[in-house]
Structure formats: structure tokens, C-alpha cells
Number of protein chains: 2
Amino acid sequence: MPEDLNSPYPPSLSKLIDAFAKLPGVGRRSAERQAYYFLKCNKEEAMDFAFAIRDLKKNLRSCQQCFNLAEAKLCAVCSNPARDNSILCVVEMPRDVIAIEKTGAYRGLYHVLLGRLAPTDGVEPEDLKIAELFKRVKQEEVKEVILATNPTAEGDITATYLASKLRLMGVRVTRLARGLSTGTEIEFAGQANLNNALDNRTEVEG
Amino acid sequence: MPEDLNSPYPPSLSKLIDAFAKLPGVGRRSAERQAYYFLKCNKEEAMDFAFAIRDLKKNLRSCQQCFNLAEAKLCAVCSNPARDNSILCVVEMPRDVIAIEKTGAYRGLYHVLLGRLAPTDGVEPEDLKIAELFKRVKQEEVKEVILATNPTAEGDITATYLASKLRLMGVRVTRLARGLSTGTEIEFAGQANLNNALDNRTEVEG
């Protein structure tokens, strides 16, 4: 190797390859190919890409009501007057909202916990948006809460905990049907499975 | 689907997913995963990524001497006094320079054509940096020109054309040994193959 070069790449290119290689599922080879793209594309397209990243961090926030991704005080679901505000679907993360919205099968509102209970990792109820959920159930005209945590050990612990508290508030508590195979994530379940899971949601017995 | 939403994503996220999906080898699913990464990472890291793209377009230019990628008037190879300026390695694209530099087996300079002859697509000698190559060979102390165009039909046409002209200038003309399997690209040949191809480069007979 030449003495004055640690890398055969010019510094700007090397830096962009490193940035791409940090992304999930991107190996070194893919990172190089993706960075090379910016050598060939025109300046406008490159800047559009850079601005898209900047704007994402600038514009995206949490919905004040349900903690879904939002670009205003309320997210697109909460601010839609056509949605049924008597049903709340409780999910772990905003990506779960997106997966359920893609089915087009749900017309109620959401509540995003921003995580799941994980006692062994020290994630307690007060670390999630659980107090906010209980407040909504008490103050709003909620008739049913659908627990749509992931069908994993921690998701189940979270759902069981929420169900025990919510039933005391006199609200109907349901869970997504276990058409989902245990261990998978809602985000990757696919539309048909999610449709079935919504249709077959079951009463949580005391 | 809700009436007021074409996509379940907030606009900023949707835009970034679209941007990633345009990159080579990135499908819709990967684009979503890569864009999600920017929801989780901190603002500083996201801006570093955006700046890396901006800086690439701002800082990178063509080396005035060899047309390799450069961040100054001359690229890192041309500006390195330890390189042997009596040998020129002629390649199609800057990525070929990077592949050969990675072997660490070559100590001469480069000349990047920025393409290859493709008569059927209308790419003629005047569309490439061929006049600039001949000028260097005439003006500088070049003793050998290694033709390292890709081992494809168009790469071969380009090498044959260059060899016929260069021999008239009294310079030694060689080609990379065909250890490379026909139809592959230098960029993906691998270090061992490129080392062999450099070691076994052969004289071009008249």
C-alpha cells in the first residue's frame, strides 16, 4: 500500500461508505455500491437525499395523544375525524402502527407504548407510555382496548399487565388473535396474517 | 385505507424510504429498514450522514492529470512523489483505480478514460480521455502503458484501439493477463486475481 494512503478511497467517499456500512443489513460491498451511486447522480438528486435525512429529524415528532410518528401536534390517525375514537389499539412501536395501517382493516385510534415491559432489562411500566394510556381510557369515550403487543415473551408480559389494569376500568379488553406465529414481529407479519389477527381478536377473560 | 392518507408513513419518512429505494440493490423492504434507522439514531449521527453526501458532491472532482477521483487538483496517486511516473495504467473508471490500489501491487500512475469505446452506442474516442492520454505519453517520461480495460467486448475494443495508436509512439504497451474470467468486471475481480493479472501482464504484439 502507498505510505500516505490508509484507504484507496478519497476521504469524502470513504466517509460516505462508512456511513452506509452502519445501516442495518448493509455489508461493506453494498455500502460501496450505494456510495458509488452518489458519484454518478447529479448534485440535485444527492442534495434531495441529504435533505430527506435532515427533514426527517427536523419534522418528525411524537403525537401528543398516541405517541405515533407525527409531523404536527397530532399524528395523521388522531387528527382524522373519520376514525372511531371508541377503540384504542395498543402497540409497542410506531412501525407497528404502520404495519396495521397497511392492512386498511382498522378504523380506530392507536396508543404507542414506545417499548415493552422487560423486567430483566429494567424496563418498568413507568418507562413506557402506560400512565398516558390509562389517562386516555379514563378521560375519553373508549369502549374497547385492543392489545397488539408483539407475540413474544416480553410482548405477552406487557399485554397481561395492561389487561389486568384495564379490566378494572370497566373497558372491553381484547388481544390480536394468535394467527401470528410466536417469535415473529408484527412489523414483518404480512397483511393477510394481520387481517386475520384483527378479525379474530379474542376477549381477555378475567 | 383512510381517505386522507395515500401512505401509512408520515411524509418525511415516506420521502426518505423512496430515496433509499432508488439506490442500487436496495429493495422496498431494505429501504424501509434503512430509513427506520434514522428514526432511532440521534440527530448528530443523522446530520453526519447528510453532510457526508453533501461533502462528497462538494469536494470530489476529477484529477487534472489522470481523471481519477480527487479532492484537490491532483489525486492522491498523482500527488504522491513515491509513485513511478514511467508507467501508466489505463482504466475505464475511478472504481477500477480503487480495485487495483487495493492489491498494493502497483506503484505507477493511472489514466482514467471515464468510459470505454462503444461504437454501437455512439461512444467514440473523442468522448473519452484518450487525447489526454496520448498527450501525457508524448510529454511525460512514460516508458510503459498497461491497458487495464475490462475484459469485455467493449473493453477489448478500447484496448485494441489504444494499443494500435500507442505503439506508434514508441512506448511499451502491455495488457493485464487474462487470469480474469471473460465477462466479469475489474471492480469485482478480487485481490488475488488482480495480483496475478498484474504479475502476468503480457506484451502486446504488433
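I took contact to mean heavy atoms within 4.5 Å. Helices (H or I, at least four residues) are DSSP runs, numbered from the N terminus.

The model is predicted, so I kept local features to pLDDT of at least 70 and side-chain atom pairs to pLDDT 80 or more, while totals for chains, interfaces and linings use all residues. Residues count from 1 along each chain as its sequence is written, chains are lettered from A in the order written, and side-chain values use heavy atoms, without hydrogens and water.

**Helix packing.** I looked up H4 (residues 94–103) and H7 (residues 191–199) of chain A: they pack at about 85°, axes 9 Å apart. The axes are lines fitted to C-alpha atoms over the stretch in contact, with angles from 0 to 180 degrees between N-to-C directions. H4(A) and H7(A) are therefore roughly perpendicular (65 to 115 degrees). On the H4(A) side I found Ala99(A), Ile100(A), Lys102(A) and Thr103(A), meeting Gln191(A), Leu194(A), Asn195(A) and Leu198(A) of H7(A).

**Rings.** I searched the whole structure and got 11 aromatic pairs over all chains (Phe, Tyr or six-membered Trp ring centres within 6.5 Å; planes under 30 degrees apart are stacked, over 60 edge-to-face, the rest tilted). Phe20(A) and Phe20(B) pair edge-to-face, 6.3 Å between centres and 85° between planes. This pair crosses between chains, from H1 (residues 11–21) of chain A to H1 (residues 11–21) of chain B. Phe20(A) is buried at 0% (under 20% relative accessible area, 1.4 Å probe, protein chains only), and Phe20(B) is buried at 0% too.

Tyr37(A) and Phe38(A) have centres 5.5 Å apart and planes at 90°, so I noted edge-to-face. Tyr37(A) is buried at 18%, Phe38(A) at 0%. Ring pairs link a cluster including Phe20(A), Phe49(A), Phe20(B) and Phe49(B).

Methods. Helices (H or I, at least four residues) and strands (E, at least two) are DSSP runs, numbered from the N terminus. Buried means under 20% relative accessible area, exposed over 50%, partly exposed in between (1.4 Å probe, protein chains only). Angles under 35 degrees count as roughly parallel, over 145 as roughly antiparallel, 65 to 115 as roughly perpendicular and the rest as oblique.
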